[in-house]
Amino acid sequence: MIATERWKNPAFISAAAGVLSIAVMAGVLFAATAEADETRTNGRLFGIMYHQVLKDPSYHNDYCVSPDELESDLKYFSENGFTALLPSEAEQLMESGEELPDKAVMITFDDGYETMLEYVLPLLEKYEMKAVVNIVGDFTDEYTELPDNKKNLSFSYLTWAEVKRLNDSGLVEIGNHTYSLHSNSGGRQGSARKYGEDEDSYRELVYGDVQRLQLKLSQLIGKRPTAFAYPFGMISDGEPEIIASAGFKVTMTCRELPTEFDSLPLTVNRYNRAHGRSAQSLYELYLSQL
């Protein structure tokens, strides 16, 4: 049967109509699903947490991914309409009463490894993304003073000069991860309260520690960070009030839950980006929890 005759055949017309109907229904379903996802994510933020980025596969674990994995994540965000939001931008949106952009994501790096300059910043530039790095004052002090021949990319932290370079890039915001409390020593886990520690002593310790890093960074980069990340995700009763009194508008946890963009101080929950656990799979988990 030649092509022109096919269109006169009732069976062919019926089959074609069926295919068209299925295609239309699929299009409507896709549009409805996309619209439903947008509706569900309104007023919510997706937070993702990275630590180290290294090429050597022997280092890859729950807290270290490869540069290729990071690039795949950033490419996914870039190609799928995500808006990377910095803590200061989240604060500004909240104060102005503006709505979150569609598919808002906060990309975060904890501890302040030197690989922020080696791998992370070039990839942020390539995919036009932004991120926050939460640094530890003691770590930065140590590696600022350490001779270059004692450093190795696999374990080195940023120096103060490198922290400033990242800040000056315009793509990286500096966050506070305590000055001296990122450890598990002396019976204390991170900035959490020790058993039997009185309230006044605990408040003085935490407030003094975070303010020490705030002062250091204000002198270095000309501003005080708006974001604080709890070491190891440990949060004691009363600690959020201490952190808020120190002027922080955004705090970061390790809870893998959607973030409600509702008030300041804003608590950003974060999904841990472990090796083999893609940003796409984490975002799908986030959507399933809405």
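**Pocket, core and backbone**

Modeller: The largest pocket has a volume of about 230 Å³. This is a predicted model, in which local features need pLDDT of at least 70 and side-chain atom pairs count only at pLDDT 80 or more, while totals for chains, interfaces and linings use all residues. Residues are numbered from 1 along each chain as its sequence is written, and side-chain values use heavy atoms, with hydrogens and water left out.

Biologist: Which residues lie nearest the centre of the largest pocket?

Modeller: Rolling a probe the size of a water molecule over the atoms shows where empty space is left. On a 1 Å grid over the protein atoms alone, a pocket is an open set of points where a 1.4 Å probe fits, with protein on both sides within 12 Å along at least five of seven lines; lining residues have an atom within 4 Å of a point. Points are joined across faces, edges and corners, and the volume is the space filled by probe spheres set on them. Here 18 residues form the lining, and H51, Y63, D111, Y113 and H182 lie nearest the centre.

Biologist: Which residues have the most contacts inside the largest nonpolar core?

Modeller: A nonpolar core is a set of buried Ala, Val, Leu, Ile, Met, Phe, Trp, Tyr and Cys residues joined through side-chain atoms within 4.5 Å. Buried means under 20% relative accessible area, and exposed over 50%, with a 1.4 Å probe and protein chains only. The largest such core has 43 residues, and F77, I107 and F109 have the most contacts inside it. Helix α5 (residues 115-127) gives the most to this core, with 8 residues; helices (H or I, at least four residues) and strands (E, at least two) are DSSP runs, numbered from the N terminus. Apart from this core lies another, of 16 residues, including M94 and L266.

Biologist: Where in the chain are E128 and T178 found?

Modeller: Most residues other than glycine have a negative phi, and most peptide bonds are trans. E128 has a positive phi of about 55 degrees and is found in the loop between α5 and β6. T178 has a positive phi of about 80 degrees and is found in the loop between β7 (172-176) and β8 (184-185). E128 is exposed, with a relative accessible area of 69%, whereas T178 is buried, at 0%.

Biologist: Which residues does a cis peptide bond join?

Modeller: The cis bond joins L264 and P265, with omega about -5 degrees. P265 lies in the loop between β12 (259-260) and β13 (266-268).
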